[in-house]
Amino acid sequence: MLNFLYHSPTKILFGKDMEFEVGKEVANYGKKILLHYGGGSIKRIGLYDRVIDSLKKEGIEYIELPGVQPNPRLKLVRKGIEICKEEDIDLILAVGGGSVVDSAKAIGIGAKYDGDVWDFFEKKAVPKETIPVGVILTLPATGSETSNSTVVTNEETKVKVSVRSEIVRPAFAILNPETTYSLPKEQTSAGVSDIMAHIFERYFTNTKDVDLTDRLCEGTLRTLIKYAPIVLKEPNNYAARAEIMWTGTIAHNGILGLGREEDWASHKIGHEISAMYDTTHGVTLSIIFPAWMKYVYKNNVERFAQFAVKVFDVEADFNNPEVVALEGIRRLEEFFRSIGLPTTFKEAGIPTDKIDEMARRCISNSGGDSVGFFVKLYEKDVLEIYKLALE
């Protein structure tokens, strides 16, 4: 196990009706906020009205900035930064899914910086401070409600990259599983894929003696596999929704990666699909991860065999670990398809004529000559993974 330093300052309010507490939480940071959200979904489910009522009870002044899209756009982030600077905003309240939270985080660090916020994403600058961000989560997926990262898309250059910094962890996060009842099936499934991917990026490691976090990763994955089919059949099942929502937080708050080297190649490979075609993040990951696994499993067959046995109950065969490993990958693909997710470009209807360009951009956007740590992947390797994912 590697040395680590862990600090997660986000206060979590989990459960039914917790959104009614938002006014009191916001009041701890000031009296003027930027209310940031996406489209009309929070209004359709009544969440917007409940939030406004709670803010008004505490005398909180709010300026609204709606319009966040999936794969949040740099243009709107820059608009939010202007508002925060002009209005002297005390806190940014993100109400929505991971894209809204990521957009709010980017606004927060940009509002405390004299240059262009994109400098952080191009690694020309490092965030030093932020306007506090509060979250009311409506879509379990990205884990951004407690994570130390934010991902933004530059719509002009079609570059989707992240900033990682402890500075961007939200001040508080309100998680009420009831707010996820109305999610379309495809968003629920894509969210499950995203959560699983956050675990995979940590689970597939070459670090030795990490049994505790192995078991935590496996248990979290098994929870997703158990409850995802239930929420798809019973969208108002509170117990199942609560399990999914909490796994989303646990998967990306850092706990599962402590003491172990993480990978993150598949996320970067998937980002290029989103940047090029605006594909849902979780969908890119259900396509890329099985292909990545097929390409790299021989680097550590035993770990992939362990994954198959511990997560998908494949029968252990110590004489044929490769057979076991490949069966685990097959069962992952089967699971993704069972919850309505594609596992290839063809199944998702994504064009395949730009995979060479995406492989090149994946490496160039990484800031080095490779991506990943489980296996270092160069441009030719990324291209081969795209090819494995075609059909």
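Me: How many aromatic pairs does the structure hold, and what makes two rings a pair?

Reply: The structure holds 21 aromatic pairs. Rings of Phe, Tyr and Trp (for Trp, the six-membered ring) pair if their centres lie within 6.5 Å; planes under 30 degrees apart are stacked, over 60 edge-to-face, and the rest tilted. This is a predicted model, in which local features need pLDDT of at least 70 and side-chain atom pairs count only at pLDDT 80 or more, while totals for chains, interfaces and linings use all residues. Residues are numbered from 1 along each chain as its sequence is written, and side-chain values use heavy atoms, with hydrogens and water left out.

Me: Why is the pair of phenylalanine 14 and tryptophan 246 called edge-to-face?

Reply: The centres are 5.8 Å apart and the planes stand at 75°. The distance is within 6.5 Å and the angle is over 60, so the pair is edge-to-face. Phenylalanine 14 belongs to strand 1 and tryptophan 246 to helix 9, so the pair ties together parts 232 residues apart in sequence. Helices (H or I, at least four residues) and strands (E, at least two) are DSSP runs, numbered from the N terminus.

Me: What makes tyrosine 203 and phenylalanine 204 an edge-to-face pair?

Reply: The centres of tyrosine 203 and phenylalanine 204 lie 5.2 Å apart, with 90° between the planes. Both residues are buried. They also belong to one aromatic cluster, which includes Phe200, Phe289 and Trp292.

Me: What is the strand order of the open sheet, and which strands stand at the edges?

Reply: Six strands make up the open sheet, in the order 1-8-5-4-2-3, with parallel pairing. Strand 1 (11-14) and strand 3 (61-65) each have a single partner strand, so one side of each lacks a neighbour in the sheet. From one strand to the next the twist averages 20°.

Me: How do you know that strand 5 pairs with strand 8 and with strand 4?

Reply: Two strands pair if DSSP finds at least two bridges between them. Strand 5 (residues 133-137) and strand 8 (residues 172-175) run parallel and are joined by four bridges, with glycine 134 opposite phenylalanine 172. Strand 4 and strand 5 have five bridges, also in the parallel sense, and glycine 96 stands opposite leucine 137.

Me: What makes strand 5 mostly covered?

Reply: Five of its five residues are buried. Val133, Val135 and Leu137 point one way from strand 5, and Gly134 and Ile136 the other way. In a regular strand the side chains alternate between the two faces of the sheet.

Me: Which strands does helix 3 lie across, and at what angle to strand 2?

Reply: Helix 3 (residues 47-57) lies across strand 2 (32-37), strand 3, strand 4 (91-96) and strand 5, at about 175° to strand 2. Helix 5 (residues 98-110) touches strand 2, strand 3, strand 4 and strand 5 as well, and makes about 165° with strand 4. Axes are lines fitted to C-alpha atoms, for helices over the stretch in contact, and angles run from 0 to 180 degrees between N-to-C directions. Contact means heavy atoms within 4.5 Å.

Me: Where do helix 8 and helix 9 meet?

Reply: The axes of helix 8 (residues 211-233) and helix 9 (residues 238-252) come within 9 Å and cross at roughly 140°. Among the residues in contact are Leu224 and Tyr227 of helix 8 and Ile244 and Thr247 of helix 9. The contact residues divide into eight nonpolar, three polar and two charged. Ala, Val, Leu, Ile, Met, Phe, Trp, Tyr, Cys and Pro count as nonpolar, Asp, Glu, Lys and Arg as charged, and the others, Gly among them, as polar.

Me: Why is threonine 153 called buried?

Reply: Its relative accessibility is 6%, so it falls under the 20% limit. Threonine 153 is in strand 6 (residues 149-154). Leaving aside neighbours within four places in sequence, threonine 153 contacts residues including Asn71, Pro72 and Val159.

Technical notes:
Buried means under 20% relative accessible area, exposed over 50%, partly exposed in between (1.4 Å probe, protein chains only).
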